[in-house]
Each structure stands twice: as structure tokens, then as C-alpha cells.
Amino acid sequence: MSAASASFLLPSIIILPIAAMLLAFFLGGRRAMQIALIASPLGLALASGIAFVVWQIDQPLVYVIGGWAPPLGVALRADGFSAVMLVTTALIIALTGCFALGLFGTKEKPEKRAPFTFWMLLLSVWAALNGVFLGWDLFNCYVGLEMLTFAAVPLVCLDGRAATLMAALRYLLFALLGSALYLLGAALLYGAYGALDIGLLSARIRSEPAAWVALAAMTAGLLAKTALFPLHLWLPPAHAGAPPPASAMLSALVVKASFFLVVRLWLNLAPSEMAESVAQILAAMGAAAIIVGSVLALRQARLKLLIAYSTVAQIGYLFLIFPLALGAHPWVASAWVGGALQAVSHAFAKAAMFLSAGLITQALGHDRIAEFRGLGRKAAPAVLAFGLGGVSLMGLPPSGGFAAKWLLLTASIESGHWTWALVIAVGGLLTAGYVYRVIAPALAPEEVPSPTSAAHVSLSGAALALALALSAIMLFFVPPEFSNFLLAGAPGAIAKLVR
Amino acid sequence: MNSVTLAGLAGAAMVGLGLFGLITHPHLLRKIVSFNVMGGGVFLLFGAIARRGDAAGIGADPVPQALVITGIVVAFSATALAVALLLRLDREIGRPFFPAKELAGPSEKDGAT
């Protein structure tokens, strides 16, 4: 299949979830679930198709909408990193969708509103994520980000309790601040350089005040949406309050979309002399996120809040790639691959942990860590999935998290950035600490054995959580060709160096 | 100072005022209105840029205007969503502010259906 004929895959993967959502909207309540369940394997096939083509042609796949080339038209572009994110998204959407069958099944009568809304939002989140990962036009990415916000915020408050409404509104206000700043930056860039296409802009942009103000505003906005420390305040209540499958999608995928655009801005778009001076600041914020997020996770009394704070910490690792992946150095490739692996392995591990937290809450009726004694006997599969996800988060071999953190660690040692290496190591220890805080009481025997030894844990739900956790582990075994694939279409210096 | 510069400066001032309001006002409706002031500033800036980027001699660059229309639709939907959430929150807790202390964390019954 030639690249030109294969490029129709790019719009298809955005059209599919949107078409499914519209169809579900018109056919109403009971059909929404079936449509989502039919669409998700199709989307996974499309994403795999895109990944396969990018791997075959070994360069970015580009689709020019309507045949109008930028700057007049809008281009969609899939490089190695976007293809990997597309496949990850499709897999996690499909698996959390199956998990949600029990929780948001639309079989029972009378029809309820929350399940219908959930399936619509699932499809919207998915469409928006695909749009952002394929976006090669700053304004197109803005629309994708906004669609993502509008789908993610209601997911937080599906149950309509005051606490979750508040979390959702706080999330929305942070996100709106972010989107206004992003749009301001896009306007300034268009005013200064007359283009919104990332490729065209990167050729025209120079290190001057207009570019600085624009990129600073956009970055600040995107950081608010990514919840990078110190803009993380909205994340823990929002991610912890949402229903388990929604938390899994929010923590695993939604925060990655705005991170993805930060990568686009500083590694694809900005001139390297600008990026180099900002990279240290981004990495310092990432390092602070790792330490503060992990320490706060250690102090949480509730399992879901612990997992949410762990997301704050794990996002920090992603921002360490900026100083490491810049310039023509031998270590940039490992930093780039390590960053992408961290994004993907965290997505799988975190989805597994939120789903198992849902199962544990279901089994016990609460998620207070202090009362977890005997849980290992009551809800063994859920504890196993949580533990395996934790193994990947703390970076124990063999796991995707280990591969990611090892690559970041070697890149920071080779480049002489000892501080980042130290932060990665300390972050790993702290992660081990908070995972241990959950696993240790769960495996301890109960003081007074309760009569109900086998609590009700949905086996299919546990199998799905385990599948996600195992995917995070299996990323350790990806062949070396995977690195080359991730480097297809990687930002200039990184790709040139390897070839 | 010509009118385009004036529009640009006014837009910048609105962005600044909106940002200030969004961060400092505790009343949630004021926060939402501040977001709209900020958005209005950005749209005004787009207008000024459309006028300035008029190199082809066609009066005004149409691209920023197309962007502004999309931006207005997005800001409108955002405001609608925020106001709907605020109304619901106001009904639940009785006032349009974030309480000083967080309400109870995730529900006991999460995941139980």
C-alpha cells in the first residue's frame, strides 16, 4: 500500500468515533453502548493500520485535508510518536469500555441518563485525542483540546454529587484558563509569521519577543491542562472522584494530550536556541512534580486519591525529556524513546490501577487504605493488577516503566545532568513506598477473619485490569526496532542523528 | 496611533483584566465572566491581526476571522457547560463559591452499581 493511498487512514480514525457518537446520539440510550463497543475494535484496527504504514514508510504519514496544502489548508500528520499514542489510546478505550459494561450497562430498564452520557463521552474523548495526536495545525489542535476538555469534564461529575461537581468545575476553570492562553499564543504566532501549520511555522519562527510571548502563553496554558506541578491542584479531586473507567481514561490518556502538544511546541516548532533555555525550566517543574506528587501520594488515606497523586508525579517524568532530547548529542534518541515509553507505560499501568481500585472499592465498600487488611484474600486479582501496575510505575524490571526510566536515567547521566538522574532514582523509591503502603496491608492477614471470605469481585473486570497491567509489563519486551519506529518523523535533530 | 494598534492594545488589556479576574475573584460566576472577557480580548487581537496581516490588498486577512468564529463557538460552549455545572453546584451546596475546606473525597460507593 503506498503512502498516498494509506493516508486516508488519518481522517478515518477521527471520523469513526465522531460518526459513532452522532449515531449513538440519534439512536438513543440503549444503542449507545453497542455502538461504542463496535467502534472500538474498528478504531484499534485503524490505529494499528496507521502504525503499520508509518513503520513501513519510515517517515511521517501526512494527509492534506481537501487537497488544500498549508498555509491555506490544514494537514494531519502521524509520526512514530503519534502512531504509538493512537494505538495506546485505542487499546485503552477498548479495554476500559469493556470494563464499563458492568458499571454503565444500558440493558436495564428504565433507561438511565448516566450510562448513555458515559458512552457518548467515551467516544468524544477518543475522537478528540485522535485529533490532537494527528494535529499538525495549531488551531486544529486547539479545537481538539477543547473537545477533549468538554468531554473530560462531565466524565468527572457523572454521579452528580456536590464533591464531584466541584472537582469538575475546578477542572473546567483550569482548562478554560489554559485554552484562552493557548489561543492567545496561536493568535500571536499567526500575526507574526502568517501560518498555523507546525511545519511552516518551524521554518519561519525566530527567537524574538513575539515568539517568546506566544510560546510562553501557550506553554503555560498547556501545563495547566496537563496538571504539571504547581498547576496540579485540580487533578486529584477530579481523577479520584470520577467513576473508575472514567478515571482510567482521564489519568491514562487525557493529560497526555496536552503534554503531546508541549512536545510539539518545544521540540517540533520552537528554534532550538529558544527550546534549550526553556527546557531546564520545564524539567525543573517536572522534577518538582515527581518529588511533591510522590510525597503527597504517600500521605493519602484513600486509594483513589493516592493513585491520582501518583499521576501528578508520573507526569513529571515526561517533562524530563526536554533538556535531554535537545541538540545533536548521542543521548537524545534514548531520551526521546524513554519519554514516549514513559507516556505509554504510564497510560497502561495507571488505567490498570484505577480499574483495580474500582474493583477493590466494590469488594470492600470503601477505599480507605488503613482498612485493607485481608484484601489480598478477598480480592486477589484486583490486588495483583494493582501491584503489577505499581511495578511498572516504580520502574522495576521487567516492565515498560523500567525501560522508560532506565533510558531517561542513562540519557541524564550521559549528558551530565546528575540532578535529573537523582530525581528519577528518588522518585522510583518514593513510588515503591506508596505502592508498598497499599500492598503490605492488603497482603496481611485479617485480625479477625471475617465470615465472608470471598467478596464479590467481577472476574471479567479483574481480567481487564490484569490485561492492562500486563501490557505495561510487556512493554519491556518490545524489540529494538520499536525505537526506530518511534524515531520515524521525530523532531529534526533526533531523527537526523540516528539515521 | 491608528485604530488597528488601538484594537490590539485594547485586546491585550482585556486579556490582562480577564486573567486577573479569573484568578482573583472567589465568586464562580465572576470567574466565568472573566474567562469571557479574556476570550473577548483574544478575539479582538485576532481582529487586529487580520487587519495587519492584510498583505494581499484584499482589505483584511480572512483566516483570523474564520478562527474567531470557531473560537466564539468554543467559548460559548465552554460558558454554557461552566454555567450548567455552577447552577447544579449552587443547588447542591447552596452557594456559588468553592468551600474553604474540601467536601468529602471520593464516595464510599464508587464503583458499586
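Predicted model: local features only at pLDDT ≥ 70, side-chain atom pairs only at ≥ 80, totals over all residues.
## A helix pair in chain B

H1(B) crosses H2(B) with left-handed geometry.

Helix H1 of chain B spans residues 3-24, and helix H2 of chain B spans residues 28-52. Their axes lie 7 Å apart and meet at an angle of about 160°. Because angles over 145 degrees count as roughly antiparallel, H1(B) and H2(B) are roughly antiparallel to each other. Where they touch, the residues comprise 16 nonpolar, eight polar and four charged.

## Chain B as a whole

Stepping back, chain B contains three helices and zero strands, and its pattern along the sequence reads α-α-α. Of the 113 residues in chain B, 35% are buried.

## Where chain A meets chain B

Chain A and chain B each bring residues to their contact: 40 residues from chain A and 40 residues from chain B. On the chain A side, the elements giving two or more residues are helix H6 (138-156), helix H7 (162-193), helix H10 (235-241), helix H13 (303-319) and helix H15 (332-364).

Which of these helices supplies the largest share of the chain A side? That is H7(A), with 17 residues. By residue class, the side of chain A that touches chain B holds 25 nonpolar, eight polar and seven charged residues.

Methods: Residues numbered from 1 in each chain as written. Chains lettered and ligands numbered in written order. Contact = placed C-beta atoms within 7 Å. Helix = DSSP H or I, 4+ residues; strand = E, 2+ residues; numbered from the N terminus. Nonpolar A, V, L, I, M, F, W, Y, C, P; charged D, E, K, R; others polar. Buried ≥ 20, exposed ≤ 12 C-beta atoms within 10 Å, placed from the backbone. Axes fitted to C-alpha atoms, helices over the stretch in contact; angles between N-to-C directions. Parallel < 35°, antiparallel > 145°, perpendicular 65-115°, else oblique. Left-handed = near helix turned anticlockwise from the far one by under 90°.
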